[in-house]
2 protein chains.
Amino acid sequence: MPELRKDPVIRRWVIIATERGARPSDFKSAPRVISRGFCPFCEGNEDKTPPEILAYRSSRGANESGWRVRVVPNKFPALAIEGGPDKRGEGMYDLMRGIGAHEVIIETPEHVTSLTDHSAEHIEEILWCYSERLNDLKNDKRFAYGLVFKNVGSVAGASLEHTHSQLIVTPVIPRTVNGEMAGCREFFQYHGRCLFCDMIVQETSSGSRVVVDSDRYLAFEPFASRFPFETWIVPKQHRSNFETTPREELGELARVLKEGLARLESALEYPAYNYIVHSAPFGQEDLDLYHWHIEIIPRLTKIAGFEWGTGFYINPVPPERAAEFLRNVEL
Amino acid sequence: MPELRKDPVIRRWVIIATERGARPSDFKSAPRVISRGFCPFCEGNEDKTPPEILAYRSSRGANESGWRVRVVPNKFPALAIEGGPDKRGEGMYDLMRGIGAHEVIIETPEHVTSLTDHSAEHIEEILWCYSERLNDLKNDKRFAYGLVFKNVGSVAGASLEHTHSQLIVTPVIPRTVNGEMAGCREFFQYHGRCLFCDMIVQETSSGSRVVVDSDRYLAFEPFASRFPFETWIVPKQHRSNFETTPREELGELARVLKEGLARLESALEYPAYNYIVHSAPFGQEDLDLYHWHIEIIPRLTKIAGFEWGTGFYINPVPPERAAEFLRNVEL
């Protein structure tokens, strides 16, 4: 019998269609191939990207080699950094200028294709870089929200394979974020507690959906997973904004992120995936009701008409089965 | 300069990234190939599907040849038809049994792969079939919503190429529908008019986003199109539910749907696409505030981390340019 489960955060129903009987091996992807063509993100090609915004480097000057992590504007930005929003109507419709920021975090000078090829220490530096850029951009009062995300593999929307992340800053709070905040606010008003903090208590005590459980972080398959092997990482201590995490707590996050991704890569043979850092909006810090987290979405199934029409997802792999598989996979 | 546009219905912001400079020819798909393998939907193979629920036939008995349109239960249903919802909690989480209906409308006995290969008269019969099934299923008080949709091409989630549609009936109102209803309700409360009726006035008077304009129906590219060549078809006369459309108005809808799809197929060389009939929930008929419509989504771009994280879409083709292209395409 299929089951309908409700995501408590965004209040989205999901169909867990257990009887479709998918096994993890149904989703194995073609092995990722490293191409040998020209790559603008590799060390030595610094002049092939727009000038850098930030770099962690051991030597030399800006836009030269010798860096470890490097941030540049996206060469084809979705939003432009200059000017004001110029909000206006066009008959019944609302529009504004597309201002914001669109940056690329080049994670390494070498041409490697997976974040898990980095040491945990290097991943910590990448996470610190996310944090630095968000803390800089949130000072700009024109901007409402900053989203850090990662596309891996062409079906997940990546156009370059050299491992990188992106940051998009928008002048309005996105709809999904508003939806999450509304769900968390309602829970807080009713219970007087953070929804995610309750979720951490239930998940660690049940254990059936847990993938990695460390002192400070929990990686688990959410109860109403939309997708097979969807994985969330949450800090156990309440904090609404990713970018206010102190540096000394990012090392452990780096280790949990690396292990979570390595388990997915081993289970699914290097799937295409996205991860997305969900954090409270700019100017809304230290909220009791919201809790930052990372959502990792392996791109294994296709989104069809039903999902587009309803926002309902059909997931053929129960999260308990996915979690068990991920816990037992060889690393 | 990119533009941010707000969808007035679901209040979703979309980035119209004109400067990415995509042309319609950037999206041309590989021509659709008709496979010669075994097809369970072809005439003569009636015993390869579950027994039919409804068929329009000129002769013989149920589950034999001689039919024109045939409805069968999905062999791998996402939801099961028997039993009650059995709503319950699991700690902080909500769940229920996955009851509902999942049917397949086999549109024709011949192995054709596009709806546009049918005559308008035959498409009218398919639309009438949608209507009959919805009117039957809405009598079941366990069910809250019925969604008719179509997946064409494997990237749009189709697993069989023989042209067919699907119907999924759910025991809860889906999130996207609630979002649309909320947007329309707010507009109605403020203006005392239907949002879609206003949209029809603005679109027909501006004309820049119109694709097909007939007496009773308008096909146009929505102001805040999420995707290149996204196309909506709306009835000009206010009606909240698709399934209450009288038969004599479906012939013209069939002609507009056929022409709209034919223009997309000509412009984009038979793209994968979904269409979705958006209608008011079961038990909510003759609503002043909601207006049924069909959304056609060609599947040309990939959904990446930014879209998943925010519900924001980046569309590289302004709807005005898409509409002009579709109006001028050769049929």
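Author: Helix 1 of chain A passes helix 4 of chain A in a right-handed crossing. A crossing is right-handed if the near helix is turned clockwise from the far one by less than a right angle, and left-handed if anticlockwise. Helices (H or I, at least four residues) and strands (E, at least two) are DSSP runs, numbered from the N terminus. This is a predicted model: local features need pLDDT of at least 70, side-chain atom pairs count only at pLDDT 80 or more, and totals for chains, interfaces and linings use all residues. Residues are numbered from 1 along each chain as its sequence is written, while chains are lettered from A and ligands numbered from 1 in the order in which they are written.

Reader: At what angle do the axes of helix 1 and helix 4 of chain A cross?

Author: Axes are lines fitted to C-alpha atoms, for helices over the stretch in contact, and angles run from 0 to 180 degrees between N-to-C directions. Here helix 1 (residues 120-137) and helix 4 (residues 250-268) of chain A cross at roughly 115°, and their axes come within 8 Å. The two helices of chain A are therefore roughly perpendicular to each other; angles under 35 degrees count as roughly parallel, over 145 as roughly antiparallel, 65 to 115 as roughly perpendicular and the rest as oblique.

Reader: Which residues in helix 1 of chain A meet helix 4 of chain A?

Author: Two residues are in contact if their C-beta atoms, placed from the backbone, lie within 7 Å. From helix 1 of chain A come A:Ala120, A:Ile123, A:Glu124, A:Leu127 and A:Trp128. Their counterparts in helix 4 of chain A include A:Leu250, A:Ala254 and A:Lys258. The residues of this contact between helix 1 and helix 4 of chain A comprise eight nonpolar, one polar and three charged. Ala, Val, Leu, Ile, Met, Phe, Trp, Tyr, Cys and Pro count as nonpolar, Asp, Glu, Lys and Arg as charged, and the others, Gly among them, as polar.

Reader: What is the handedness of the crossing of helix 1 and helix 4 in chain B?

Author: In chain B, helix 1 passes helix 4 in a right-handed crossing. Their packing angle is about 115°, with the axes 8 Å apart.

Reader: Now the sheet. In what order do the strands of the open sheet of chain A lie?

Author: Two strands pair if DSSP finds at least two bridges between them. In chain A, 10 strands make an open sheet with antiparallel pairing, in the order 3-4-7-9-8-13-14-12-11-10. Strand 3 (54-57) and strand 10 (210-213) of chain A each have a single partner strand, so one side of each is left without a neighbour in the sheet. The twist from one strand to the next averages 15°. Strand 3 of chain A is joined to strand 4 (residues 67-73) of chain A by four bridges, and A:Leu54 has A:Val71 as its bridge partner.

Reader: Which helices lie across strands of chain A?

Author: Helix 1 of chain A runs at about 35° to strand 4 of chain A, and strand 13 (273-278) is among the strands it lies across. Helix 3 (residues 195-206) of chain A lies across strands including strand 10 and strand 11 (217-220), at about 70° to strand 11 of chain A.

Reader: How many residues does the contact take from chain A and from chain B?

Author: The contact takes 59 residues from chain A and 59 residues from chain B. On the side of chain A, these are 34 nonpolar, 13 polar and 12 charged. Between the chains, strand 6 (residues 93-97) of chain A and strand 1 (residues 3-6) of chain B run antiparallel, joined by four bridges. A:Arg97 has B:Glu3 as its bridge partner.
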